[in-house]
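Here are some notes to read alongside the structure. Please keep the sequence at hand and find each residue as it is named.

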Amino acid sequence: MFTIAESLILLGTDDEKGTSVSSASLGYGLAGSILAELAMMERLSLEDDKVIIIDDTLTEVSYFNSVIEEIKADHKARTVEYWVNHFANNTKAVHDPVYLSLVDKGILKEEDKTYFFFFNTNVYPTVDDRPEQAIRAHVKDIVFNGKAPDPEIALLLSIIKTCDLTAEVFGKKDKKAAEKKLDEIIENNEYGKAVSKAVEDMEAAILTAATTAVMTTTVINN
């Protein structure tokens, strides 16, 4: 069983190089996915457009706990956009722990890589691609074969589109068709009893914040 963030990392990481295929946007999607999943778990909510902790009970996921504790420790109520930007640039709280969780599960391995003789960074090549292939098959089944998505997969599909990972996940040839289907799924998704209206509002705010951050980053980089 994987969190939305772990599924996103598996889909958005080059299997051989162990680096993000879209580093400019993946961080924002990662931050957004964690905030959204905590909203689904009814740990976070929105009040007057500000993120609040409604349940600070520890989870079994280290990076969930880090996010909860950091938001709780901040004495000022802040917006979703603030937290998406904050955690997108916080490798110790979010990025590294998600990768290391997949290392612990035996799916990725951690390697030290040196660039230009003195720049060191960690990379995470794949050692077991079966989970990633299963996730890819599942999302393709939903997008192209009409299988109904659960709330977590619906959110994952939204973030895939937000982070411009459609071609990476569905292939360049099928990108246009996949994006059209993604738009339909996102627009028509019914969460029903699984997710409250408050959580839906939270997720909408998170996706808006992540989209804005990705677009801003893209403009700056170009």
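1. A residue counts as buried when its relative accessible area is under 20%. The model discussed here is a predicted one. Ser7 has a relative accessible area of 9%, so Ser7 is buried. Ser7 sits in helix H1, which covers residues 4-12. Which residues does Ser7 touch, not counting those up to four places away in sequence? They are Phe2, Ile135 and Leu156.

2. Helix H1 also packs against helix H5 (residues 91-104): the two axes come within 10 Å and cross at roughly 80°. Angles of 65 to 115 degrees count as roughly perpendicular, and H1 and H5 are therefore roughly perpendicular to each other. From H1, the residues that take part are Ala5, Glu6, Ile9 and Leu10, and from H5 they are Val98, Tyr99, Ser101 and Leu102. Sorted by type, the residues of this contact are six nonpolar, one polar and one charged.

3. Now take helix H6 (residues 130-145) and helix H7 (residues 151-162). Their axes lie 11 Å apart, and the helices pack at an angle of about 90°. That angle makes H6 roughly perpendicular to H7. On the H6 side, Ile135, His138, Val139, Ile142 and Val143 meet Ile153, Leu156 and Leu157 of H7. The residues of this contact divide into seven nonpolar, one polar and no charged.

4. Helix H3 runs over residues 62-73, a total of 12 residues. From its first C-alpha to its last, H3 reaches 16 Å, close to the 16 Å expected at 1.5 Å a residue. Which residues of H3 are buried? They are Tyr63, Phe64, Asn65, Val67, Ile68 and Ile71.

5. Val67 belongs to helix H3, and its relative accessible area is 1%, so Val67 is buried. Leaving aside neighbours within four places in sequence, Val67 is in contact with Ile34, Leu35, Leu38, Phe87 and Val94. How far apart are the C-alpha atoms of Val67 and Trp83? They are separated by 9.3 Å, and the two residues are 16 residues apart along the chain.

6. The strands come next. Three of them form an open sheet in the order S1-S2-S3, with antiparallel pairing. S1 and strand S3 (78-79) are the edge strands, as each pairs on one side only. As a general point, strands of a sheet pair through backbone hydrogen bonds, either parallel or antiparallel.

7. Strand S1 (residues 44-47) pairs with strand S2 (residues 50-53) in the antiparallel sense, over four bridges. Leu44 has Ile53 in S2 as its bridge partner. S1 and S2 form a hairpin with two residues between them. In the turn, Asp48 has a positive phi of about 55°.

8. S2 is joined to S3 by two bridges, and these strands run antiparallel. Where is the bridge partner of Lys50? The partner is Thr79, in S3.

Conventions. Residues are numbered from 1 along each chain as its sequence is written. This is a predicted model: local features need pLDDT of at least 70, side-chain atom pairs count only at pLDDT 80 or more; totals for chains, interfaces and linings use all residues. Side-chain values use heavy atoms; hydrogens and water are left out. Buried means under 20% relative accessible area, exposed over 50%, partly exposed in between (1.4 Å probe, protein chains only). Contact means heavy atoms within 4.5 Å. Two strands pair if DSSP finds at least two bridges between them. Axes are lines fitted to C-alpha atoms, for helices over the stretch in contact, and angles run from 0 to 180 degrees between N-to-C directions. Angles under 35 degrees count as roughly parallel, over 145 as roughly antiparallel, 65 to 115 as roughly perpendicular and the rest as oblique. Ala, Val, Leu, Ile, Met, Phe, Trp, Tyr, Cys and Pro count as nonpolar, Asp, Glu, Lys and Arg as charged, and the others, Gly among them, as polar. The expected span of a helix is 1.5 Å times one less than its number of residues.
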